[in-house]
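Subject: Structure handover

Hello,

Here is the structure I said I would pass on. My notes on it follow below.

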Amino acid sequence: MTTQKANGKEVSHLVFGPQFSFYRKPVWNTIPLKAISLYDAYAYITGDYAKEQTEHLRSIPDKKAADAYKVKNFDYVTFGGTFTVRDDEHLILPSDLLCLDFDHVPNVQMYRNQFLADPEFETALMFTSPSGQGIKWIVPIRTCCHTYQQIFAAVTNYVKATYGLIPDQKCKDISRACFLPHDPQAYINPKYVPFNAQR
């Protein structure tokens, strides 16, 4: 945990959001490199770290070949929390973040705008998926009273009823991997931006 000065007082890094594990490619590397914040993920996504891989992936017409390329060439995170090994049983600390993954969305920009305006869930982070045809929507949750899977099921029902979309059901696992693509238009909630990064 780090601290910064604000109005003469020390402010915990937790003000800028929870942390979760970051992993280097390929996806079968299940040992995290470090824990990062939402802003760290945002800086990675909006930077050039995965630009070349993202452009190449979107140029592959065959889905099977594209999937094979993706799992080998993209770094990833487990938004659900920090882990010693990427496995539900090796959770260190939950992040209280839920990653909703929507594939083959008919109108990516329209749904991104609708999610940002959602009255029930405050967006923490949102970006277009590596394929360019989906959306990753990360929202804060509370796991104190319900399990991660129970919360995921409830949110799935809400999203289906409200938007007619069903998120990838594999995301019910708290250790689910989420690949980090290049998206210069990614959104981060301003409250998760550290003071020294605000303009």
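The average pLDDT of the protein chain is 91, and 90% of the residues reach at least 70. Residues 1-15 have a pLDDT below 50, and this stretch makes 23 contacts in the model beyond near neighbours in sequence. Where pLDDT is low, the predicted coordinates should not be read in detail.

Backbone

K25 and P26 are joined by a cis peptide bond, with omega at about 0°. P26 belongs to the loop between β3 (19-23) and β4 (34-37).

H104 is placed in the loop between β8 and α4 (108-116), and with a relative accessible area of 54% it is exposed.

Aromatic pairs

The whole structure contains 13 aromatic pairs. In one of them, F20 and F79 have ring centres 4.8 Å apart and planes at 55°, which makes the pair tilted. This pair connects distant parts of the chain, since F20 is in strand β3 and F79 in the loop between β5 (76-78) and β6 (81-83), 59 residues apart. F20 is buried at 0% relative accessibility, and F79 is buried at 1%.

Y111 and F115 are also tilted, with centres 6.2 Å apart and planes at 40°. Both residues are in helix α4, four residues apart, or about one turn of the helix. Y111 has a relative accessible area of 11% and is buried; F115, at 0%, is buried. Ring pairs join Y111 and F115 with F102, F121, W137, Y158 and Y163 in a cluster.

Salt bridges

The search of the whole structure gives six salt bridges. One of them is between R24 and D75, with the closest N and O atoms 2.9 Å apart. R24 is in the loop between β3 and β4, and D75 is in the loop between α3 (63-73) and β5, so this bridge ties together parts 51 residues apart in sequence. R24 is partly exposed at 41% relative accessibility, whereas D75 is buried at 6%.

K63 and D67 form another salt bridge, at 2.8 Å from N to O. Both are in helix α3, four residues apart, about one turn of the helix. K63 is exposed, with a relative accessible area of 52%, while D67 is partly exposed at 30%.

R176 and D168 also meet in a salt bridge, at 3.5 Å from N to O. R176 is partly exposed at 32% relative accessibility. D168 has a relative accessible area of 18%; the cut-off for buried is under 20%, so D168 counts as buried.

Regards

Key
Residues numbered from 1 in each chain as written. Predicted model: local features only at pLDDT ≥ 70, side-chain atom pairs only at ≥ 80, totals over all residues. Heavy atoms only, no water. pLDDT = per-residue confidence, 0-100. Contact = heavy atoms within 4.5 Å. Helix = DSSP H or I, 4+ residues; strand = E, 2+ residues; numbered from the N terminus. Buried < 20%, exposed > 50% of the residue type's maximum accessible area, 1.4 Å probe, protein only. Phe/Tyr/Trp six-rings, centres within 6.5 Å; stacked < 30°, edge-to-face > 60°. Salt bridge = Lys/Arg side-chain N within 4 Å of Asp/Glu carboxyl O.
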